[in-house]
Amino acid sequence: MNFLIKTSLKILTLTLSTLNPIASFADNFVNIYSYRQPALLKPLLDAFTVQTGVNTRILFAKKGLGQRINSEGENSPADVLLTVDIGRLEAAKTQGITQPVYSDIIVANIPPQYRDPDNHWFGVTTRARIIYASKERVQQDSITYEELADPKWKGRICTRSGQHVYSIGLIASMVAHFGETKTTKWLKGVKNNLARKPTGNDRSQVKAIYSGECDIALGNTYYMGKMQTNTKEPEQKKWASSVKLLFPNAKDRGTHVNLSGMVMAKYAPHIENAKKLMEFLSSAKAQHVYGSANYEYPVNPDIAADERTSSWGILKADSLSLSDIAKNRKTASELVDKIGFDNGPLL
Ligand SMILES: [Fe+2]
């Protein structure tokens with residue numbers, strides 16, 4: 001009897017495959033649009049395929065994936081978008097290119113401060129916005145964001161543009177904690193302490209510490225790993241060895257963190273497979289592996305980061321929800337313009 005049922009099912013499956021080979025082939029896939037390099041994702045996605053039988057296809061690009069999904073509209077093959085920063089996750093939601101995902105597994109795996117209250121985006125890993133400090137010229141081993149406005153840092157701070165998404169995330173977190181007036185005063189203080197006009201990326205600020213142009217700089221944690229292991233530009237290893245990492249506000253509210261995360265595309269052609277992938281990526285093991293690929297921290301604080309990332313110090317993350325930070329991004333961006341942060345210090 002069982003044999004007969006199995007045989008019938010087999011025949012039915014074969015018939016369906018024969019009748020509509022494309023549908024059957026496509027149903028076994030999930031299409032991923034990713035800002036993260038396919039080589040970094042491969043071990044994780046291979047494990048996903050072994051576990052679920054669902055194959056993965058990746059479209060990788062350094063920018064423009066959100067716009068691409070938007071312009072592809074209902075015909076978009078995108079199922080899941082992997083992106084970084086709350087600014088981009090929230091933008092995907094407000095652009096209308098996402099759909100909510102309701103999953104008890106994801107909810108259990110990802111702390112509430114790292115997912116959208118409407119279930120449109122979910123963090124997988126965090127990156128902390130910390131202080132790179134000269135080993136030679138900075139004696140202290142702790143710091144606060146508030147302290148960056150202290151005149152003792154005059155002419156000693158480097159940072160990238162105040163309008164970059166990473167800066168906006170941090171400033172928005174200050175607005176969420178202290179309100180607009182206090183944050184304006186703080187940001188003016190930081191501006192007056194800058195060594196130069198905000199310029200370049202996070203790594204170039206560390207280079208400026210190495211060359212003596214400044215003593216401390218704002219940057220994301222994972223760049224330490226990227227510099228320490230850089231074989232293409234080995235001079236970056238020297239930049240990295242000239243600095244130590246200070247985790248701001250470690251003794252009180254915690255360090256500001258941002259997200260690397262995922263959304264399901266609004267017109268995902270393979271909704272079930274997309275949900276399976278997102279549930280898989282939210283798992284403890286996947287958080288660890290996904291984080292290790294870029295020296296980031298699992299969103300679940302009980303899961304250890306990889307050895308190198310852990311060696312830089314203990315991350316006590318600010319418990320502010322990224323959704324609250326997102327709400328203050330616009331104010332933060334206006335503040336940056338209002339005080340002319342990117343014009344640099346008063347000379
Ligand atoms: Fe980055």
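**Figure 1. Secondary structure and overall dimensions of the predicted chain.** In this predicted model, the secondary structure of the chain amounts to 16 helices and ten strands. The radius of gyration is 23 Å, close to the 20 Å that the globule rule gives for 347 residues, so the chain is as compact as a globular protein of that length. Along the principal axes, the C-alpha atoms fill a box of roughly 85 × 40 × 35 Å. Of the 347 residues in the chain, 52% are buried, and the accessible surface comes to about 16200 Å², with 55% of that area belonging to carbon and sulfur atoms. Among contacts in the chain with a separation of 6 or more, 80% are made by residues 24 or more positions apart.

**Figure 2. Close-up of helix 8 and the elements that pack against it.** Helix 8 covers residues 180-193, and its 14 residues reach 20 Å from the first C-alpha to the last, close to the 20 Å expected at 1.5 Å a residue. The buried residues of this helix are Thr 183, Thr 184, Trp 186, Leu 187, Gly 189, Val 190, Lys 191 and Asn 193. An α-helix has 3.6 residues a turn, so residues three or four places apart point the same way. The packing partners of the buried residues in helix 8 are strand 6 (157-158), helix 7 (165-178) and helix 16 (329-338).

**Figure 3. Close-up of the disulfide between Cys 158 and Cys 214.** The structure holds one disulfide, which joins Cys 158 to Cys 214 with an S to S distance of 2.2 Å. The pair links distant parts of the chain, 56 residues apart, with Cys 158 in strand 6 and Cys 214 in the loop between helix 9 (202-210) and strand 7 (216-220). The link of Cys 158 and Cys 214 is left-handed, with -105 degrees about the S-S bond. Cys 158 counts as buried because its relative accessibility is 1%, under the 20% cut-off, and Cys 214 is likewise buried, with a relative accessible area of 1%.

**Figure 4. Close-up of Asn 119, a loop residue with positive phi.** Most residues other than glycine have a negative phi. Asn 119 is not a glycine, yet its phi is positive, near 65 degrees. This residue is placed in the loop between helix 6 (104-109) and strand 5 (121-134), where Asn 119 counts as buried because its relative accessibility is 13%, under the 20% cut-off.

Figure 5. Although Tyr 295 is not a glycine, its phi is positive, at about 55 degrees. With a relative accessible area of 16%, Tyr 295 is buried.

**Figure 6. Close-up of Lys 197 and the residues it touches.** Lys 197 has its place in the loop between helix 8 and helix 9. Leaving aside residues up to four places away in sequence, Lys 197 touches Asp 342, Asn 343, Gly 344 and Pro 345.

Definitions and conventions:
Residues numbered from 1 in each chain as written. Predicted model: local features only at pLDDT ≥ 70, side-chain atom pairs only at ≥ 80, totals over all residues. Heavy atoms only, no water. Helix = DSSP H or I, 4+ residues; strand = E, 2+ residues; numbered from the N terminus. Expected span 1.5 Å × (residues − 1). Buried < 20%, exposed > 50% of the residue type's maximum accessible area, 1.4 Å probe, protein only. Contact = heavy atoms within 4.5 Å. Disulfide = S-S within 2.5 Å. Rg over C-alpha atoms; globule rule 2.2 N^0.38 Å. Areas by Shrake-Rupley, 256 points an atom, 1.4 Å probe, with all protein chains shown as cover.
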